[in-house]
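Please work through the exercises below with the sequence and the structure at hand. Each task is followed by a solution that goes step by step.

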Amino acid sequence: MQAKLILADGTEYEGTSFGYAFSHSGEVVFATGMTGYPQAFTDPSFAGQILVMTYPLIGNYGVPGEELWESDKLQISGLIVSDYIDTPSHFQSKMTLAKWLKKSKIPGLVIKDTRALTQKLRSNGVMLGKIVIDKDIPQYDPNKTNLVAKVSTKKVIKGGQGNKTIVIIDCGAKRNIAKCFINRGVKTITVPWDYDPFKNNLQFDALFISNGPGDPKMADKTIETIKIALDKKVPTLGICLGNQLLALAAGGDTYKLKYGHRSQNQPCLLNNSTRCYITTQNHGFAIKTVPPGFNPWFINANDQTIEGIIHKKYPFMSVQFHPEANPGPKDTEWIFDYFLERINYEK
């Protein structure tokens with residue numbers, strides 16, 4: 001079935017539908033990862049976005065069981081690939097990517113020149129777009145919606161066992177984050193984005209702020225909870241969106257990047273050192289102003305954006321990348337250990 005991707009500036013790309021035959025709109029972004037598309041597509045940070053994959057072959061190892069996803073469903077609003085493979089070969093494959101898209105009612109297009117499309121997004125910045133298949137539809141800007149509220153859990157979830165308890169504020173958390181804590185002998189309590197653990201008298205040792213989609217300034221209730229945690233000197237760690245939310249709560253500022261970082265090979269320099277880590281990233285916003293009392297922790301070697309902040313005195317820290325990876329390198333998984341060691345600080 002023939003279809004089109006139409007960008008907000010009127011540019012049209014002809015394509016062939018291989019997903020659900022349904023028109024959909026969102027923010028068109030690109031990702032350069034070569035592997036791990038089932039985990040990437042189920043990352044809640046992609047909510048509201050039509051994803052362009054730059055790697056030419058997608059679908060060649062099918063879709064694994066749900067236990068290997070990063071959430072319980074596809075989070076992307078649409079998928080654009082250069083070449084879709086409908087004959088997967090992998091021992092973990094349960095279905096084809098096309099079947100998954102159709103089952104989840106997500107459109108997918110094969111557009112041969114994804115290179116030109118990606119170059120346009122790099123030159124002009126990410127922009128709104130729509131996949132038009134069955135009928136024309138208006139453009140939709142997901143950044144004007146509180147996407148965090150849409151993807152966050154609606155209930156309190158407990159997991160793991162241990163002497164230390166961490167409250168995870170779920171702003172769209174990837175599953176592997178909680179697994180990284182649980183595997184280290186930590187008890188986790190995952191709560192909704194607008195849940196106040198202090199008013200609800202939860203007993204915990206540290207606070208974690210997860211990744212998630214959209215403009216961080218939309219998550220106002222999460223920011224208020226973080227402010228309370230900082231005032232009470234509760235050890236706090238943030239990842240991805242959590243990095244931006246910690247900065248906002250502490251008095252810093254954020255801004256929207258031209259085309260974001262969505263890949264598994266972003267080089268990050270540990271500040272005041274010569275060490276560089278290769279990281280997985282998926283975000284469209286970043287820290288503009290480091291808050292008072294904090295220092296930059298990591299810097300992006302490509303564009304010098306702030307990739308993490310750490311307090312000069314207290315165990316408050318965050319990173320813009322994903323130390324839990326999935327997909328991608330696990331070079332920075334030591335950050336979980338570093339944070340857990342600092343929970344026992346003297347107040």
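**Exercise 1.** In this predicted model, find which residue lies over the face of Y314, and give its distance from the ring centre.

*Solution.* Start from the ring of Y314 and look over its face, where K233 is found at 5.1 Å from the ring centre. A charge is taken to sit over a ring if, among other conditions, NZ of Lys is within 6 Å of the ring centre, and the distance for K233 is 5.1 Å.

**Exercise 2.** Classify the ring pair of Y37 and F41, and say where the two residues lie.

*Solution.* First, as background, the count of aromatic pairs comes to 18. The ring centres of Y37 and F41 are 5.7 Å apart and their planes stand at 35 degrees, so this pair is tilted, given that planes under 30 degrees apart would count as stacked and those over 60 as edge-to-face. Next, place the residues: both belong to helix α1 (residues 37–41), and because they are 4 residues apart there, about one helical turn separates them. Finally, Y37 and F41 are both buried.

**Exercise 3.** Work out how helices α6 and α7 pack, and which residues meet.

*Solution.* Begin with the geometry: helix α6 (residues 220–231) packs against helix α7 (residues 241–249) at an angle of about 65 degrees, the axes being 9 Å apart, and their crossing is right-handed. Then list the contact, in which α6 contributes T222, I223, I226, K227 and L230, and α7 contributes L245, L246, L248 and A249. Sorted by class, this contact holds 7 nonpolar residues, 1 polar and 1 charged.

**Exercise 4.** Locate S17 and name its contacts beyond its neighbours within four places in sequence.

*Solution.* S17 is part of strand β2 (residues 12–17), and its relative accessibility of 15% means that S17 counts as buried. With those sequence neighbours left aside, the contacts of S17 are M1, G108, L109 and I133.

Technical notes: Residues are numbered from 1 along each chain as its sequence is written. This is a predicted model: local features need pLDDT of at least 70, side-chain atom pairs count only at pLDDT 80 or more; totals for chains, interfaces and linings use all residues. Side-chain values use heavy atoms; hydrogens and water are left out. Axes are lines fitted to C-alpha atoms, for helices over the stretch in contact, and angles run from 0 to 180 degrees between N-to-C directions. A crossing is left-handed if the near helix is turned anticlockwise from the far one by less than a right angle, and right-handed if clockwise. Contact means heavy atoms within 4.5 Å. Ala, Val, Leu, Ile, Met, Phe, Trp, Tyr, Cys and Pro count as nonpolar, Asp, Glu, Lys and Arg as charged, and the others, Gly among them, as polar. Rings of Phe, Tyr and Trp (its six-membered ring) pair if their centres lie within 6.5 Å; planes under 30 degrees apart count as stacked, over 60 as edge-to-face and the rest as tilted. Buried means under 20% relative accessible area, exposed over 50%, partly exposed in between (1.4 Å probe, protein chains only). A charge sits over a ring if NZ of Lys or CZ of Arg is within 6 Å of the ring centre and within 35 degrees of the ring normal.
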